[in-house]
Amino acid sequence: MSRGRRSNLFMARAGRQGDDLARRPGGFGLGQVPTRLAPEAVTSMVCGYCSVGCSLDIHLRDGHAVNLSPTTEYPVNLGMACPKGWEALAPLAAPDRATTPLRRDDRGQLQPVSWPDALDTFVARFRAVQAEHGPASVAFLSTGQIPTEEMALLGAVAKFGMGVVHGDGNTRQCMATSVVAYKQAFGFDAPPYTYADLESSDVIVLVGSNVCIAHPILWERICRNPHDPQIVVIDPRATETAVAATQHLALAPKSDLVLLYGLARALVQRGALDRAFVEAHTTGFDAFAAHVAPFTPERVAEATGLAPEALESLATTVAEGERVSFWWTMGVNQSHEGVLVAQAIINLALLTGSIGRPGTGANSITGQCNAMGSRLFSNTTNLFGGRDFADAAHRGEVAATLGIDDGCIPDQPSWAYDQIVEGIATGDIRGLWVVATNSAHSWVNHGDLHDLLGRLDFLVVQDLYATTETAQRADLVLPAAGWGEKEGTFINSERRIGLIKRVARAPGQALADFAIFKLVAEAWGCGELLEAWSSPEAVFEMLGRLSTGRPCDFSGVGDYAMVDDLGGVQWPFPPGSTMVPGEERRLFADGRFFHPDGRARFCFGEPRPPREATSRRYPLVLLTGRGSSAQWHTETRTAKSAVLRTLHPPGPYVEVNAIDAQAGGLVAGQWAVVSSARGSMQARVVVTTAVAAGQVFVPMHDAQVNRLTHPSFDPSSRQPSYKHCAVAVRPLEHWEH
Ligand SMILES: Nc1nc2c(c(=O)[nH]1)N[C@H]1C(S)=C(S)[C@@H](COP(=O)(O)OP(=O)(O)OC[C@H]3O[C@@H](n4cnc5c(=O)[nH]c(N)nc54)[C@H](O)[C@@H]3O)O[C@H]1N2
Ligand SMILES: Nc1nc2c(c(=O)[nH]1)N[C@H]1C(S)=C(S)[C@@H](COP(=O)(O)OP(=O)(O)OC[C@H]3O[C@@H](n4cnc5c(=O)[nH]c(N)nc54)[C@H](O)[C@@H]3O)O[C@H]1N2
Ligand code: SF4
Ligand SMILES: [Mo]
């Protein structure tokens, strides 16, 4: 149908309010009152915070959630949950929930409007932008925190219906590096492991990963390991995880590549290789061995600041391990050369044959509850199912499965997040739709972004709260239902598809994102194109069909009931697959990778210095990251729980080593100013040995921290390097004078 025509369906409903729209018979399966669940019952669903994907038993009264406890039978968390999981219901009842659409009036105030008015404004303003500046001048930024079905629908509405070309997710800030590293090395974005590997390894190497804080239940799984494992933590800071490890390599920030190449060289020299595996299943080993030859222990010691014995001991541990697993998170991904570092880790697993067997693997731990769903099905930089927009055959497959004209599908991938931001600066992007991410807090060097948001012709923010830093900048706020108020699936770090269910009523006129996307489609006039996308479960089944024949094939999973019955399903799960509940599944047991020749590739390159060096003016390196297990990102949700607020120090604070504190006249508990070439923030001084001299740490949870960070990016993944910039820390009184 023509993109310009308004569907009759929408016209017929235009007078109704959100509640009615969602509740109508044959609607989107999103009625406000849970209908599938018995009124007094317990039902289980996965947590909506991190990618561990724990299952929580939700206790219902009169069909509504009143309490929760961790599910004992679920293979992920085995009856455990972290504080965020225990408090997962609290943010839903927050007083600042957005309960109606809000539109900015002539005096610049956000005022409540009806859904039909909001949708009219959405369509009229974005169409006007596109009419003047072309279809690609409207972009979207989405997330790894809404169900796969919703992400896929957004990607379809925007790209197939509205003619949008550019959309990216907050997963760019998080997982883009792992995606590129895996694709190049394995031929597909495929984390190979299952969590049981944490319990069967005898050596666990964690690189740039603070699991105690960021993935607490994975740490619990490590603690259950009966093999008395060696736990190696590679992190510049003495994190909660590092102090509990058996070896901590406190390397200089961003010296990982040299260290890991030095380790590879040491293993090659000792002959600690699995030659049979390398020869049968990989390509490029000889070139890699030649590449790492110059990374001598002396060079490693100089670059990392570690004693030569530390490398020696690490090499011995890895060489002697029978089941060695390598794990990484943001200390690797958020780097100017993150893809090479991730691949250096993958290379270690390949050369020691540590992959495809229990207790092994080159294992990227994801971050958000549905980062994996976003990586495969958000339709942003990849076409559905990890396909390529530029590949005509791929476009044809998707068009045939969806029953749409392949002319609707853009023939180029989206710009990445930083390119969309740059596009605002150049005037190429004039309209922006932000869904479930708080860019004005979380984006790197966001002082610039704040200016740029003001330059947009039209900004729509779709969130649970109208109070986020980004929603406060919006021209139109669309009130969204959250986790617990809608249904869908998430995919966790070990590729396990888990269900979320509707156990609470969304406040006021807030609607599930799925319903909002459907209403937008109808209002835009592309509703018919997406008619088959009738409910989250219908979309789940369609995505299963879209995954057919891909490495992530889950077309053998019939429906939501099957996901529930099996306790989550790990892909791949093609038709005919069977699984007994609790079965663990890992990739590459047969040594076959996803490149056409079936082999994994050694990928490598030259280390480079971080983009911003310290100077006399800014003599310290700023590291940022997670502050506590009770805080989630920009804290729009976790700050709403009175319990969680008691579990971390009140912010903002900056951790400083005693040497730097003394040199700089910084006193514990006093206020200081942390400044970089881009901006400054005030923070209380915490003097600690957890950070080394020359480095400071500020948690990412305070909105000011990204005024400081440096906008440098990995060249192939375009992921921001949040964990390295040059700063000064001065007592507040000195600063003021
Ligand atoms: N409580 C809580 N849990 C979370 C989240 C949250 O906000 N709060 N967020 C979730 C998300 S989306 C993500 S992505 C994950 C993140 O999980 P993690 O990556 O584990 O968390 P971070 O604290 O960002 O960074 C990990 C470590 O990288 C180290 N690091 C910094 N620079 C370097 C370096 O050059 N080399 C090495 N080797 N290490 C370095 C930091 O010191 C830090 O300890 O957590 C998830 N879980
Ligand atoms: N300095 C620094 N900055 C960082 C990082 C770092 O380590 N250091 N880490 C980066 C990483 S790894 C990440 S993942 C990002 C995270 O950055 P963001 O994604 O910006 O952080 P969140 O606070 O999770 O924002 C999610 C938003 O979605 C809303 N929301 C939650 N559920 C729903 C829903 O179902 N529907 C809708 N419509 N909205 C919903 C929440 O209220 C919130 O406003 O931050 C990045 N920024
Ligand atoms: S570890 Fe992650 S998934 Fe598990 S309860 Fe905590 S936040 Fe939720
Ligand atoms: Mo993340």
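This is a predicted model: local features need pLDDT of at least 70, side-chain atom pairs count only at pLDDT 80 or more; totals for chains, interfaces and linings use all residues.
Me: Which elements give two or more residues to the shell around ligand 3?
Reply: Ligand 3 is surrounded by C47, Y49, C50, G53, C54, A81, C82, K84, G85, P216 and I217. Among these, K84 and G85 fall within the range 83-86, and P216 and I217 within 216-223. The elements giving two or more residues are α3 (83-86) and α9 (216-223).

Me: How many residues of the shell around ligand 3 are nonpolar, polar and charged?
Reply: The shell includes G53 and G85, along with K84. Gly counts as polar and Lys as charged. The division is eight nonpolar, two polar and one charged.

Me: Are α11 and α13 roughly parallel or roughly perpendicular to each other?
Reply: Helix α11 (residues 256-270) packs on helix α13 (residues 285-292) with axes 9 Å apart and an angle of about 110°. Angles of 65 to 115 degrees count as roughly perpendicular. Therefore α11 and α13 are roughly perpendicular.

Me: Are α11 and α14 roughly parallel or roughly antiparallel to each other?
Reply: Between α11 and helix α14 (residues 297-304) the angle is about 160°, and the axes lie 9 Å apart. Angles over 145 degrees count as roughly antiparallel. Therefore α11 and α14 are roughly antiparallel.

Me: Is the crossing of α11 and α14 left-handed or right-handed?
Reply: α11 passes α13 in a left-handed crossing. For α11 and α14, the crossing is left-handed.

Conventions:
Residues are numbered from 1 along each chain as its sequence is written. Chains are lettered from A and ligands numbered from 1 in the order in which they are written. Side-chain values use heavy atoms; hydrogens and water are left out. A residue is near a molecule or strand if one of its heavy atoms lies within 4 Å of it. Helices (H or I, at least four residues) and strands (E, at least two) are DSSP runs, numbered from the N terminus. Axes are lines fitted to C-alpha atoms, for helices over the stretch in contact, and angles run from 0 to 180 degrees between N-to-C directions. Angles under 35 degrees count as roughly parallel, over 145 as roughly antiparallel, 65 to 115 as roughly perpendicular and the rest as oblique. A crossing is left-handed if the near helix is turned anticlockwise from the far one by less than a right angle, and right-handed if clockwise.
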